[in-house]
Amino acid sequence: MSTKHRSGDTPAADLEPEQMGASAKAPIRKEAKRALKAAVKRLQSTRVPEKGEALRLGVDLGTASIIVMAVDAAGMPVATELQTAQVARDGLVVDYIGAVDITRRLVHRLEERLGVELTTAAIAMPPGVNPAESSAHRHVVEASGLQVSAVLDEPTAAGTVLGISDGVVVDIGGGTTGLSVFQDQKVVYVADEPTGGTHVALVLMGRYGISFEQAEAMKTKASKADDVRVAVLPVMEKMASIVKRHIQGHQVGKIWLVGGTSELKGIEAVFADTLGIETVKPPHPMMVTPLGIALNSTPMLSGSLKAARNSAQSAKFHPHRNAS
Ligand SMILES: Nc1ncnc2c1ncn2[C@@H]1O[C@H](COP(=O)(O)OP(=O)(O)OP(=O)(O)O)[C@@H](O)[C@H]1O
Ligand SMILES: [Mg+2]
């Protein structure tokens with residue numbers, strides 16, 4: 001399960017600890033933190049690339065959301081698009097038309113924002129799903145107008161960002177808690193069990209008598225984070241106990257939490273208490289896997305970065321604008 005960075009690039013995760021100076025001993029590399037913060041910032045703002053600049057693109061088709069992210073040669077996100085969608089489950093595409101529609105729209109929006117045509121992307125499959133079984137994911141992305149340059153597994157994508165050699169990546173997304181045990185940069189054991197963000201929402205619905213949509217909104221309100229933490233403590237404990245059961249027999253020195261549900265306030269303390277193992281949560285854990293997917297894509301070379309359709313069309317349909 002090798003990563004596929006190209007020579008000449010220095011993505012955040014490629015930096016050796018020595019290169020990272022004072023941050024070498026920090027649980028999360030400084031460059032990874034910067035890139036994850038940029039991934040969120042770039043939901044709202046765009047860093048328009050220079051003409052001919054190389055970009056890499058990742059498409060994350062998740063159970064709860066689809067995230068498409070473009071990164072520059074240094075591994076910094078330049079634009080991110082995210083839409084909640086229930087089009088995939090357990091590595092299967094359950095709504096093909098919906099998945100294509102949304103992915104195409106997100107890619108198109110990125111093209112408009114960046115002013116370039118995007119041609120290739122990497123994708124990833126959940127832990128335990130053989131990349132050879134990725135044809136549906138691949139077809140969705142191809143039907144959105146992109147070539148698929150790499151298919152990797154989600155834990156490897158996360159490991160790229162966090163620079164993991166040994167430890168356990170726990171990905172808590174919309175539907176499941178997945179875990180991957182790393183030894184010497186290789187994933188040696190994976191498991192995935194129901195209990196994710198949907199279960200968190202169900203508990204909030206019962207506790208507060210609110211709808212699923214209201215529960216989803218409540219999760220993301222900073223002012224409600226403490227109420228949510230108290231209400232869903234048993235769910236977080238269940239997630240930690242799933243991991244505890246699966247890692248028995250493995251020497252584990254560190255746990256890394258990724259995925260949207262890892263955004264829950266205090267979840268890293270619940271894991272550390274339940275497992276008695278150091279547990280690290282990067283900033284914006286929801287962005288870790290999408291960023292890692294983008295980092296593993298083939299750079300789109302300057303020749304393939306054409307002017308966006310809009311600017312090309314306006315030049316074509318209004319030649320007199322340039323005449324004088
Ligand atoms: N701030 C937050 N606090 C708590 N939960 C959050 C927050 N932001 C997003 N979530 C939850 O994260 C989940 C989506 O996470 P993510 O995008 O990692 O899932 P996914 O990749 O689509 O799903 P899966 O990995 O199960 O296929 C949703 O359940 C969402 O409600
Ligand atoms: Mg996911």
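I call a residue near a molecule or strand if its C-beta atom, placed from the backbone, lies within 6 Å of it. This is a predicted model, where local features need pLDDT of at least 70 and side-chain atom pairs count only at pLDDT 80 or more, while totals for chains, interfaces and linings use all residues. Residues are numbered from 1 along each chain as its sequence is written, and chains are lettered from A and ligands numbered from 1 in the order in which they are written.

**Ligand.** I looked up the shell of ligand 1: of its 20 residues, Gly 62, Thr 63, Gly 173, Gly 197 and Gly 260 come nearest.

**Sheet.** Next I traced the strands (E, DSSP runs of at least two residues). Two strands pair if DSSP finds at least two bridges between them. I got an open sheet of five strands, ordered E3-E2-E1-E6-E7, with mixed pairing. Its edge strands are E3 (77-84) and E7, each pairing on one side only.

**Pairings.** E1 (residues 56-61) and E6 run parallel, joined by two bridges, and Val 59 stands opposite Ile 123 there. E6 also pairs with E7 (residues 147-153), parallel over six bridges, with Ala 121 opposite Val 148. On the E2 (residues 65-71) side, E1 pairs antiparallel over six bridges; Gly 58 has Met 69 as its bridge partner.

Is E6 enclosed or open? I count a residue as buried if 20 or more other C-beta atoms lie within 10 Å of its own C-beta, placed from the backbone. Five of the six residues of E6 (residues 120-125) are buried, so the strand is largely enclosed by the rest of the structure.

Notes: Buried ≥ 20, exposed ≤ 12 C-beta atoms within 10 Å, placed from the backbone. Helix = DSSP H or I, 4+ residues; strand = E, 2+ residues; numbered from the N terminus.
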